[in-house]
Amino acid sequence: MTAPALRTARMDRLETLSLSVLLCFVAALQLSVAASGVLLALTLLCWGALLVLREEQLEVPAFFWPLAAYAAVTLVSSTASVDPGLSLVDSKQLVLFLIVPLVYRLARGHRAHLFASVIIAVGAASALVGLFQYGFLHFDNLGRRPQGALTHYMTYSGSLMLVACVAAARLLFGSRDRVWPLLVLPAVLVALGLTFTRSAWVGVCVGMAVLLALRDRRLVAAVPLALALAVILAPASVTDRVYSIFDMKDPTNRDRVAMLKSGAAMVEDHPLTGVGPDQVKAVYHQYRVPESVQPLNVHLHNVPMQIAAERGLPALIVWLWFVGLVARDLYRRVCRRTGATRALAAGALASLAAMLGAGLFEYNFGDSEFLMLLLVVLTLPFAAERPESITRHI
């Protein structure tokens with residue numbers, strides 16, 4: 001074998017290895033925090049080696065640049081933080097933004113649909129684990145909720161929320177492989193309902209409403225009907241949790257309103273750089289209002305308010321730029337009446353809407369496990385438009 005042919009064979013093996021490790025990483029996102037972290041590091045190493053060996057230029061979708069700007073503003077905020085050292089350590093989460101160019105490079109063409117299938121399949125398994133926990137292990141109350149294979153019920157419910165959006169999008173907009181999501185979706189939605197996580201309930205309702213509106217605006221009327229049916233059939237504990245959403249005497253509801261007031265005061269005192277990443281908990285006692293319920297909150301349970309309070313108004317503006325840009329680009333792809341990426345784009349747009357809906361009541365954009373899966377889902381429609389073949393430099 002000649003030297004150029006040998007080099008090409010090595011690059012092909014590295015390409016295959018990179019794709020395989022990335023698939024394992026995406027699968028692990030709903031199964032193990034530790035495993036997903038290790039696999040992400042390995043995938044980043046393989047991707048870096050590919051860029052060097054193939055002499056490729058870094059290519060990214062347009063929405064990556066607002067994320068890069070958000071990272072830059074975050075680092076500025078960290079230097080002006082009330083505790084720069086801790087804020088800089090917390091900013092390591094910014095590395096997760098590299099998932100976007102990573103998926104954009106490796107999950108190209110029809111591979112993107114394979115990644116979506118993996119997300120749905122693992123989500124189905126994760127939902128079954130949650131159902132087992134609820135039915136047999138007595139994870140059936142607010143003190144002990146289903147959490148699947150993950151470490152926290154809110155991360156678990158957020159992941160199920162995204163899976164539900166991806167599966168429903170394939171069911172509504174896909175041209176094939178629609179039986180599998182039809183079987184998976186009910187289990188995912190039931191498992192999500194049994195987590196007692198109200199923010200995720202709001203998010204999945206928003207995501208489903210977006211999907212139905214994109215398919216046919218008249219279908220949106222099905223959302224309240226489905227919700228009414230779910231409330232009728234749900235266990236009493238779940239029904240009581242639904243009613244608590246509208247109860248302003250509920251302690252958690254009152255505390256969320258109080259946190260918004262505290263956050264607004266933080267923004268007023270630190271409008272440009274915020275109090276610093278991961279520093280809301282350090283200064284919360286200074287801004288705690290009399291009507292607060294909890295003596296301490298580590299974050300403000302609201303994504304826009306949390307970003308503005310800990311990173312400043314410029315960071316919030318950049319984040320809104322990211323949301324607006326990716327929403328616009330995804331909507332344009334959904335509006336194409338033909339194209340294999342339409343289901344992926346619809347699922348990504350619904351996932352974004354679900355994140356925003358749930359993010360009014362929790363800081364899900366700051367949850368690393370949730371954020372990783374969200375970034376994968378958002379990038380897949382753009383990666384699917386790229387040719388699978390790579391120009392080789394010999």
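This is a predicted model: local features need pLDDT of at least 70, side-chain atom pairs count only at pLDDT 80 or more; totals for chains, interfaces and linings use all residues.

Author: Let's get the bridges out of the way: the count is 0 disulfides, a disulfide being a pair of cysteine sulfur atoms within 2.5 Å. Cys-46 is in none, and its nearest cysteine sulfur, in Cys-24, is 11 Å away.

Numbering starts from 1 along each chain as its sequence is written, and side-chain values use heavy atoms, leaving out hydrogens and water.

Now the rings. There are 8 aromatic pairs, meaning Phe, Tyr or Trp rings (the six-membered one for Trp) with centres within 6.5 Å; planes under 30 degrees apart are stacked, over 60 edge-to-face, the rest tilted. Take Tyr-70 and Phe-365: their centres are 6.1 Å apart and their planes at 85°, so they meet edge-to-face. Tyr-70 is in helix H3 and Phe-365 in the loop between H16 and H17, so the contact ties together parts 295 residues apart in sequence. Helices here are DSSP runs (H or I) of at least four residues, numbered from the N terminus.

Phe-365 also pairs with Phe-322, at 6.2 Å and 50°, so that one is tilted. Phe-322 belongs to helix H15, 43 residues away in the chain. Phe-322 has a relative accessible area of 1% and Phe-365 2%, so both are buried (under 20%; over 50% is exposed, in between partly exposed; 1.4 Å probe, protein chains only). Ring pairs join these residues into a cluster that also includes Phe-63, Phe-97, Trp-319 and Phe-382.

Methods:
Helices (H or I, at least four residues) and strands (E, at least two) are DSSP runs, numbered from the N terminus.
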